[in-house]
Amino acid sequence: MGIYDLLGFSAETKLTSDAPREGCTCYVVGAVLILWFLVWKYRDSLEINNFRDRYVFVTGCDSGFGNLLCRNLDRKGFRVLAGCLTEKGADDLKRVTGPYLKTVQLDVTSQDSMQKAMEWTKKEVGNHGLWGLVNNAGRALPMGPTEWMRVEDFHGVLNVNMNGVIGMTMTFLPLIKRGRGRLVNVASVLGRVAANGGGYCISKFAVESFSDCLRRDIDYFGVKVCIIEPGFFKTAVTSLEPLERELHRLWNQLTPEVKASYGDKYLDKYIKIQRLIMNAVCDSDLSKVTDCMEHALTAAYPRTRYSAGWDAKFLWIPLSYMPSWVVDVGLKLVMPRPSHSV
Ligand SMILES: NC(=O)c1ccc[n+]([C@@H]2O[C@H](COP(=O)([O-])OP(=O)(O)OC[C@H]3O[C@@H](n4cnc5c(N)ncnc54)[C@H](OP(=O)(O)O)[C@@H]3O)[C@@H](O)[C@H]2O)c1
């Protein structure tokens, strides 16, 4: 017995009275969703002004996303302070940019180097404070099966990608707070789905959680924290030759017992599959990432998270919301099996 029977209505009464009301509700929900989207789109397109008065510090500008971002921001009229790891990287960048872009030597694994860069920045920005700090510097190697790593292999990556981001942020935060500016931290889809052994995924998960904590704490002071989550792009980080060289190095440092458990063919199969995946997914259009970074720096209302690239939007981010077993099974199907697995 349904609710209509209890209330004394017949089946006909129920049908005739409910059908138009349900249709009407659908229209109202649809209209509200479209209106909400249009308002969001409009709000998302609003920009700040006076780029020429705003200073942005970017780390890791020798190559890749950082290098392209500096050139784009320079063209837009920002005052760019570019942290380069090498002198050559700084000279090359200066050659292709205008007089407002300045470079400084910066190694994000050295507190001394970060402190010196901050003192230099403080003089450059004066009373303006810093509008943006883009924590972009990063390295990925070594990547491979977790069992093949030594503890120092993790540390090398964590020192740049995790400690470097925390160190730069804490050193520069007073300048950003004064400028009521923005922090743009470059994480990765591998900070949402842990698909690789080594320090890389760990470091990017750390960037995600560090950024979330900081955003909630610092919002009171008008400082925004944005996270960029690129998919796979063709840069030095995804270059096959060093990736494969590192896999050989890791393999060579294994004990005969561990090697035997994987089998003679395992390394070759692993490299072949990695090559196939990288060639299939790596996007050469780096502007998909730098557009997100630029939005984070120029939008009146920057987003909290930016997923850059089709693979990020349609594969990795949806996967990150799925149960762990889905990723476990997916990777098991794709990656080679050790010869002595149980
Ligand atoms: N490419 C991708 O598919 C991808 C995907 C997701 C996230 N990301 C992230 O995006 C960021 C930029 O990487 P990219 O792809 O543009 O690769 P990239 O061209 O290798 O850029 C990384 C930059 O960081 C610099 N760097 C390395 N160690 C440093 C240190 N200790 N101090 C200061 N700078 C240092 C590198 O300098 P040298 O060139 O002189 O070594 C390089 O200029 C990284 O955080 C990376 O993890 C990349």
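Analyst: Gladly, and please keep in mind that this is a predicted model.

User: Where is Gly263 found?

Analyst: Gly263 sits in the loop that links helix 9 (256–262) with helix 10 (266–281).

User: And what does Gly263 touch, leaving out residues up to four places away in sequence?

Analyst: With those residues set aside, Gly263 touches Pro338, Ser339 and His340. As for Lys204, which is 59 residues from Gly263 in sequence, the C-alpha to C-alpha distance between the two is 31 Å.

User: Switching to Val104, which strand does it lie in, and is it buried, exposed or partly exposed?

Analyst: Val104 belongs to strand 3 (residues 102–105), and because it has 18 C-beta neighbours inside 10 Å, it counts as partly exposed. Not counting residues up to four places away in sequence, Val104 touches Leu81, Gly83, Ala117 and Trp120. Asn161, 57 residues from Val104 in sequence, is 19 Å from it in space, C-alpha to C-alpha.

User: OK, now the ligand. How many residues surround it, and which are the closest?

Analyst: The ligand is surrounded by 28 residues, of which the closest are Gly60, Gly64, Ala137, Gly138 and Thr235.

User: Which helix gives the most to that shell, and how does the shell divide by class?

Analyst: Helix 3 (residues 64–76) gives the most, contributing three residues. Sorted by class, the shell holds twelve nonpolar, 13 polar and three charged residues.

User: What about the largest nonpolar core, how many residues does it have?

Analyst: That core has 64 residues, and Val56 and Ile228 are the ones with the most contacts inside it. Helix 6 (residues 151–178) gives the most to this core, with seven residues. Apart from it lies another core, of five residues, including Trp148, Leu250, Leu267 and Tyr270.

User: Which residues is Ile228 in contact with?

Analyst: If its neighbours within four places in sequence are left aside, Ile228 is in contact with Val184, Val186, Ala187, Val289, Cys292, Met293, Tyr306 and Ala308.

User: How far does helix 11 reach from its first C-alpha to its last?

Analyst: Helix 11 (residues 287–298), with its twelve residues, reaches 15 Å, which is close to the 16 Å expected at 1.5 Å a residue.

User: Last topic, the whole chain. How many helices and strands does it have, and what are its domains?

Analyst: The protein chain has 13 helices and seven strands, and its domain assignment gives domain 1 (3–42) and domain 2 (48–334). The centres of domain 1 and domain 2, taken over C-alpha atoms, are separated by 47 Å. The C-alpha trace spans about 85 × 65 × 35 Å along its principal axes, and 34% of the 342 residues count as buried.

Methods. Residues are numbered from 1 along each chain as its sequence is written. This is a predicted model: local features need pLDDT of at least 70, side-chain atom pairs count only at pLDDT 80 or more; totals for chains, interfaces and linings use all residues. A residue is near a molecule or strand if its C-beta atom, placed from the backbone, lies within 6 Å of it. Helices (H or I, at least four residues) and strands (E, at least two) are DSSP runs, numbered from the N terminus. Ala, Val, Leu, Ile, Met, Phe, Trp, Tyr, Cys and Pro count as nonpolar, Asp, Glu, Lys and Arg as charged, and the others, Gly among them, as polar. A nonpolar core is a set of buried Ala, Val, Leu, Ile, Met, Phe, Trp, Tyr and Cys residues joined through C-beta atoms within 7 Å. A residue is buried if 20 or more other C-beta atoms lie within 10 Å of its own, exposed if 12 or fewer, and partly exposed in between; C-beta atoms are placed from the backbone. Two residues are in contact if their C-beta atoms, placed from the backbone, lie within 7 Å. Domain bounds come from an automatic or database domain assignment. The expected span of a helix is 1.5 Å times one less than its number of residues.
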